[in-house]
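Welcome! Take a moment to look over the sequence and the 3D view, and then let us walk through some features together.

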Amino acid sequence: MSELVDLRSMTLDELKDFTSSLGEPAFRGTQIFDWIYKGKKSFREMSNLPEALRYELEDKAYLEKLNIRTVQKSKLDGTRKYLLELSDGNTIECVFMKYKFGNSICVSSQAGCRMGCRFCASTIKGLARNLSAGEMISQIMAVEEDTGEKIGHIVVMGSGEPFDNYENLSKFLKIVNEPKGLGIGMRNITVSTCGIVPMIIRFAEDFDQVNLAISLHASSDEDRSAIMPVNNRYNIAAVLAACDEYTEKTKRRISYEYTLVSGVNDSVQSARKLVGLLKGKLCHVNLIPLNEVKDNGFVTVRRSKAIEFQKVLENAGITTTIRRELGDDIDAACGQLRLNNE
Ligand code: SAH
């Protein structure tokens, strides 16, 4: 028997092509798409499809789903961290967050990660594999079902490097944005990258309405290479040149993320260098006091240090926020999501 295909990983156009390949009219593809995002989990429930087609779908296709293994609920805020099991036994995490502007989810794009950022928990065991578009979407659907709440915002900032899984990321964005899919506006989505230069350029072409966040984390190549191996491939100048191209094309403001690590990148001198890099750009800086990860030796900064760093940037006219971490008590904060959490 040939391998079953996952219909949850298909964009609306792909699903129409798929039904055409079965000798069915394209509108059947639209009907199936509609049912999937109304939450139907089996082809049997898709009551407006001819019976023969429902059987054929059962033979040839499936709908990806993720099993919730555990849910941790923060006592501090409404944050929930989910440990989800993939069909091959790997596990991933995603995080549900409640903000004043609505509900948001932090989605993982890979099981594990191969970028090797030294302060991040997701990379400790390396990359297990890319997630399919269906597995990314299923994170949202599983959380919506569990909470009974609609999610309106997405950040692709869970485990993994989204631009290391560009094709699936791209399908994912098209499906969530599709009005018949999850109907989430492109402007309500943020994708965060450690700086894979060719993909930043491609992203500007493909998704000029989606927000882009760049994990910069240092203001000199020496400092950045010491904590982010990707800098040896794409250094700061290359990343910023790609970002300039992105801004030129999209006119959108980029968020630069800067995780403050004590004694590594938190000095006033580092802040001044950062001003030198970013001054005059259409940007925003997000300072993230390091969330400590067991055993890696990096230490977070004092609040006063973060404020001092922020002041240097603000005085130079660069809007800067210090990120308020949600779900700190359940290790749901940035860089604390792990592969195969045991
Ligand atoms: N791979 C992507 C997205 C995942 S991480 C990227 O690098 O952007 C989301 C953000 O959390 C990134 O800015 C990442 O560098 C940051 N981060 C990782 N580990 C962290 C930690 N321990 N404390 C604070 N932020 C961390």
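## The ligand and its surroundings

How many residues surround the ligand, and which are the closest? The shell holds 20 residues, and the closest are Gly160, Ser192, Ser215, His217 and Asn291. Please keep in mind as you read that this is a predicted model.

A polar side-chain atom of Ser192 lies 2.6 Å from an oxygen atom of the ligand. Thr193 takes part through its backbone, with an N or O atom 3.4 Å from a ligand oxygen. Asn291 also uses a polar backbone atom, which is 2.8 Å from a nitrogen atom of the ligand. Of the 530 Å² of accessible area that the ligand has on its own, the protein covers 96%. Strand 10 (189-193) and strand 12 (254-260) are the elements that give two or more residues to the shell. By type, the shell residues divide into nine nonpolar, nine polar and two charged.

## Cysteines without bridges

How many disulfides are there? The count comes to zero, taking a disulfide as a pair of cysteine sulfur atoms within 2.5 Å. For Cys120, the nearest cysteine sulfur belongs to Cys117 and is 6.3 Å away. Cys120 counts as buried, because its relative accessibility is 19% and the limit for buried is under 20%.

Cys194 is in no disulfide either: its nearest cysteine sulfur, again that of Cys117, is 5.5 Å away. Cys194 is buried too, with a relative accessible area of 6%.

## Aromatic pairs

Now for the rings. A search of the whole structure finds six aromatic pairs. One of them joins Phe33 and Tyr37, whose ring centres are 4.8 Å apart and whose planes meet at 50 degrees, so the pair is tilted. Both residues sit in helix 2 (residues 26-37); they are four residues apart, and therefore separated by about one helical turn. Phe33 counts as buried at 0% relative accessibility, and Tyr37 counts as buried at 10%.

Another tilted pair is formed by Phe163 and Phe203, with 5.1 Å centre to centre and 50 degrees between the planes. Phe163 lies in the loop between strand 9 (153-156) and helix 5 (166-177), while Phe203 lies in helix 6 (residues 197-206), so this pair ties together parts that are 40 residues apart in sequence. Phe163 and Phe203 are both buried. These two also belong to one aromatic cluster, together with Tyr166 and Phe207.

Note on methods
Residues numbered from 1 in each chain as written. Predicted model: local features only at pLDDT ≥ 70, side-chain atom pairs only at ≥ 80, totals over all residues. Heavy atoms only, no water. Near = heavy atom within 4 Å. Polar contact = N/O pair within 3.5 Å; in protein donor to acceptor, adjacent residues only side chain to side chain. Areas by Shrake-Rupley, 256 points an atom, 1.4 Å probe, with all protein chains shown as cover. Nonpolar A, V, L, I, M, F, W, Y, C, P; charged D, E, K, R; others polar. Buried < 20%, exposed > 50% of the residue type's maximum accessible area, 1.4 Å probe, protein only. Phe/Tyr/Trp six-rings, centres within 6.5 Å; stacked < 30°, edge-to-face > 60°.
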